Amino acid sequence: MNGSRLLGSGSALPKRVVTNAELAAKIDTSDDWIVERTGIRQRYIAGDDETTSTLAIAAAKAAIADAGIDAASIDIIILATATPDNTFPATATKVQHALGCNGGVAFDVAAVCSGFLYALTTADSLLKTGMGKRALVIGAETFSRILDWEDRTTCVLFGDGAGAIVLQASDGDATGEGVLASRLHADGAQHDLLYVDGGPSTTQTVGHLRMKGREVFRHAVVNLSSVLKEVLEDAEVSAEEIDWVVPHQANARILDATAKKLGIPPEKIIVTVDQHANTSAASVPLAFDTARRDGRIRNGDLVMFEAMGGGFTWGASLMRV
Ligand code: UT7
């Protein structure tokens, strides 16, 4: 086996929707400002009975049902999250237990908003080495738990949710399906532009998200355009051949600017930031599953996934689904 292909996808959202108007009643912001600067209209916020693992398990079950497989056949689980249920063990092991597929590989990946790209690329690589035959790749977050709800520059931007896909080892060269090329990057020099000001080894607290939004925005457009070009070159595919781009959903203006830089028409970009806001590692699989379920993304389409986030970390992956 020299590749991996998609078997199914699923997603899950908390029960509670919080609109911009609801936030504007509590902090000094407005629906107009949030919509104009970000494209966000609402977000889902986890209740007391909802955690990263409950959302991840619901998304995983939906992906397994969509794939039409027995959960016990999954031998690799990689969960991308920056908001795990506990500092340890990995939330992936909780998911594994809930699915009843104990015994295989299960671990979390911490690459914040690029987490799903890191998890997907790692799963693809493990499947290629023969470490397993079926991988569950999940992005799941409860960012509402690390937001400073007094800080209007960040708290209006994020939401909670989860998305998952099932991949199977395949003979990619023969079928032309599955992951065709991926690239990952990180630049630790940019740590202070987007980080959480707490942690077990520093403050012994969970901490709150801090971001210099304008600078992150500038880096995002440059880094995403360049990694997309790298992946297209690796796969020997032109931008025109892409059917859909499924980007990290941070800001509608970042999506527009990146697409423009690459000459990709806006109608090929999947946008869910208006409904979900920024769900960090969950945003790409959540947007992907949304677009598969509403019939936009179909089997056989060429799909580019991309994301950038804290670290900085960023990456892109091209898949024939
Ligand atoms: O997921 C990881 C990647 N994250 C991102 O990609 C986020 C990237 N950054 C962004 O999306 C944008 O920079 C933001 C949406 C965070 C901010 O938009 P901006 O156009 O860069 O606004 P700004 O930070 O330059 O702020 C403009 C003004 C400021 O007021 P002054 O200083 O011009 O008087 C802010 O204080 O908007 C003010 N402001 C707000 N006003 C109403 C900031 N937040 C709010 C708010 N409501 N929620």
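**Entry 1: the largest pocket**

I started with the lining of the largest pocket: β5 (105-109) and β9 (194-196) each supply at least two residues to it. The model is predicted, so I noted its limits: local features need pLDDT of at least 70, side-chain atom pairs count only at pLDDT 80 or more, and totals for chains, interfaces and linings use all residues. Residues are numbered from 1 along each chain as its sequence is written, and side-chain values use heavy atoms, with hydrogens and water left out.

A pocket here is an open set of points on a 1 Å grid over the protein atoms alone, with protein on both sides within 12 Å along at least five of seven lines; a cavity is a set where a 1.4 Å probe fits but cannot get out; lining residues have an atom within 4 Å of a point. Strands (E, at least two residues) and helices (H or I, at least four) are DSSP runs, numbered from the N terminus.

I looked up the volume of the largest pocket and found about 870 Å³. A volume is the space filled by probe spheres set on the grid points, which are joined across faces, edges and corners. I counted 34 lining residues for this pocket. Ala82, Thr83, Pro84, Ile146 and Val206 lie nearest its centre. β9 gives the largest share of the lining, 3 residues.

Next I checked the classes. The lining of the largest pocket has 16 nonpolar, 15 polar and 3 charged residues. (Nonpolar is Ala, Val, Leu, Ile, Met, Phe, Trp, Tyr, Cys and Pro; charged is Asp, Glu, Lys and Arg; the others, Gly among them, are polar.) I also checked the domains, whose bounds come from an automatic or database assignment. Domain 1 (3-170) and domain 2 (178-320) each give at least three residues to this lining.

**Entry 2: the second largest pocket**

I moved to the second largest pocket. It holds about 740 Å³ of space. Its lining has 29 residues. I found Leu157, Met211, Gly213, Arg214 and Asn251 nearest its centre.

Which element gives the largest share of this lining? I found α8, with 6 residues. At least two residues each come from α2 (31-38), α6 (152-155), α8 (213-235), α9 (252-262) and β12 (302-309). By class, I noted 14 nonpolar, 9 polar and 6 charged residues in the lining of the second largest pocket. Again I looked at the domains: domain 1 and domain 2 each supply at least three residues of this lining.

**Entry 3: the cavity**

How many cavities of 30 Å³ or more does the structure hold? I found 1. The largest cavity has about 60 Å³ of space. Among the residues that line it are Leu228, Val245, Pro247, Thr258 and Glu306. β11 and α9 are the elements that give two or more residues to this lining. α9 gives the most, with 5 residues. I sorted the lining of the largest cavity by class: 9 nonpolar, 1 polar and 1 charged.

**Entry 4: the sheet of 5 strands**

I traced an open sheet of 5 strands in the order β1-β7-β6-β4-β5, with mixed pairing. Two strands pair if DSSP finds at least two bridges between them. β1 (3-12) and β5 are at the edges with a single partner strand each, so one side of each has no neighbour in the sheet. From one strand to the next, the twist averages 15 degrees. (Axes are lines fitted to C-alpha atoms, for helices over the stretch in contact; angles run from 0 to 180 degrees between N-to-C directions.)

Then I looked at β6. Is strand β6 (residues 134-142) enclosed or open? I found 8 of its 9 residues buried, so the strand is largely enclosed by the rest of the structure. (Buried means under 20% relative accessible area, exposed over 50%, partly exposed in between, with a 1.4 Å probe and protein chains only.)

Strand β4 (residues 76-80) runs parallel to β6, joined by 5 bridges. Alanine 80 stands opposite glycine 139 in β6. Strand β7 (residues 160-170) runs antiparallel to β6, joined by 9 bridges. Alanine 140 faces alanine 162 in β7. Arginine 134 has glutamine 168 in β7 as its bridge partner.

**Entry 5: the sheet of 4 strands**

Last, I traced an open sheet of 4 strands, β8-β13-β12-β11, also with mixed pairing. β8 (178-186) and β11 (244-247) are its edge strands, and each pairs on one side only. Neighbouring strands of this sheet are turned by 15 degrees against each other on average, direction ignored. β8 and strand β13 (residues 313-320) run antiparallel, with 8 bridges between them. I found alanine 181 opposite leucine 318 in β13.
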